Amino acid sequence: MMTTTGTDKMTSTGLSDKPRLDLIVQMLTADCSKLIDIMSQACKIRDKHFGKIITYSRKVFIPLTNVCSNDCLYCNFSRRPWEKGAFILRPDVAVELVKKWEQKFKIKEVLVCTGERPDTFAEIREKLKSWGFRNFVEYLCEFLYKVITETRYAVPHVNVGYLTIEELKQIRDYTASVGIMLEIASPRLCTDELPHKNSPSKHPKYRIDFIRACERVRIPVTTGTLIGICETIDERARTLLILHSLTMQLECIQEVIVQNYMPGPRSATRCTCCEPPTLTDMVRTIATTRLLVKPDVSVQAPPNLALGAYGVYILAGANDWGGVSPVTIDYVNPTYPWPSIRMLKKVTESLGYELRERLPVYPKFIKNSRTWLSDIVREKVHQIIDDTGLVDKKYEGE
Ligand code: SF4
């Protein structure tokens, strides 16, 4: 009987109308026998809604610029414009990279990743002006348009941090989806010497506003939690509670990522209270997330940050590996290579599941694509899907 884990409150869909914070904390700290029970319930919900299929998105990671106005202490990606290693790519140069790789590696997703609000800095504004752009969003739209019109099958997924609703409207025509991590929804992390003290847009109110704006603009959005960034268990639980509420209230959330902080070349010395979660903590968080978020919302965990143990994430109820690139590194976690697709398939199949390729927009949204996708994106997406909304097997890469 699940009298101490909180799952006794769950309905047959795995959801409780009003999950209690103390019970979520119990799930996030469950001991062996309780955890096995939670995992088993999470797997049942995953299998009911996603079947025996685990998905991934075959992507190329394009970091248009690593210049960022925030300064999260765990970040290995961002630079100030004057720092060694800072860069910004011209849209025509960046799209040539995509074109070079898309055919060879059968890429379907272009992950467009940048620092937040790079045009806060005069150096970047001047550079953009010299290329003919009035601001960062105009520059971003130029690249997205090129991806849509100059590649055969690739569609963008945009992850550039906080945007206003007006800016979301501007990019909507050229992207299949957007991403914004809730990370840990605690204003405390924006204070003292904590990781978001110099990152105002990481305040949870901005992340939640962004997600609500996606609902209004009708853009599918990926969000999630990042654990191990100095949060308490209570803050981790509150974040999952917010993700529960958002997925229950909004239609626009297509997936929830459970990501673990892992130290990198810069973060290891800068964030003294960051600590990589144990594999057990990842399992607890994935399974609890699966039980809390709406059952038809995908739960994803990145395989490259699990140090070879990612198969366990399937046992915890995950149904998706996220974007995996056969060609580019993970610029956000540059010291953690993705497994090969061959190995991902082997691990997935060894647990009784089929590995399938998806696009950066999930089948549920493709089925309702007149609502969720612009004409130009919809036309491209429909070229390569089968009747389930996943990539047609004849277009899959190996
Ligand atoms: S994590 Fe994102 S917002 Fe924070 S410093 Fe890095 S690039 Fe900027």
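The model is predicted: local features need pLDDT of at least 70, side-chain atom pairs count only at pLDDT 80 or more, and totals for chains, interfaces and linings use all residues. Residues are numbered from 1 along each chain as its sequence is written.

The C-alpha atoms fill a box of roughly 65 × 55 × 40 Å along the principal axes. The protein has 15 helices and nine strands. These are DSSP runs, with helices being H or I of at least four residues and strands E of at least two, numbered from the N terminus.

Of the 398 residues, 49% count as buried. Buried means 20 or more other C-beta atoms within 10 Å of a residue's own, exposed 12 or fewer, and partly exposed in between, with C-beta atoms placed from the backbone.

Two residues other than glycine have positive phi values. Arginine 117 has phi near 45 degrees. Arginine 117 lies in the loop between β2 (109-114) and α4 (122-130). It counts as buried because it has 20 C-beta neighbours inside 10 Å. For aspartate 192, phi is near 50 degrees. Aspartate 192 sits in the loop between β4 (177-179) and α7 (204-217). This residue is exposed, because 9 other C-beta atoms lie within 10 Å.
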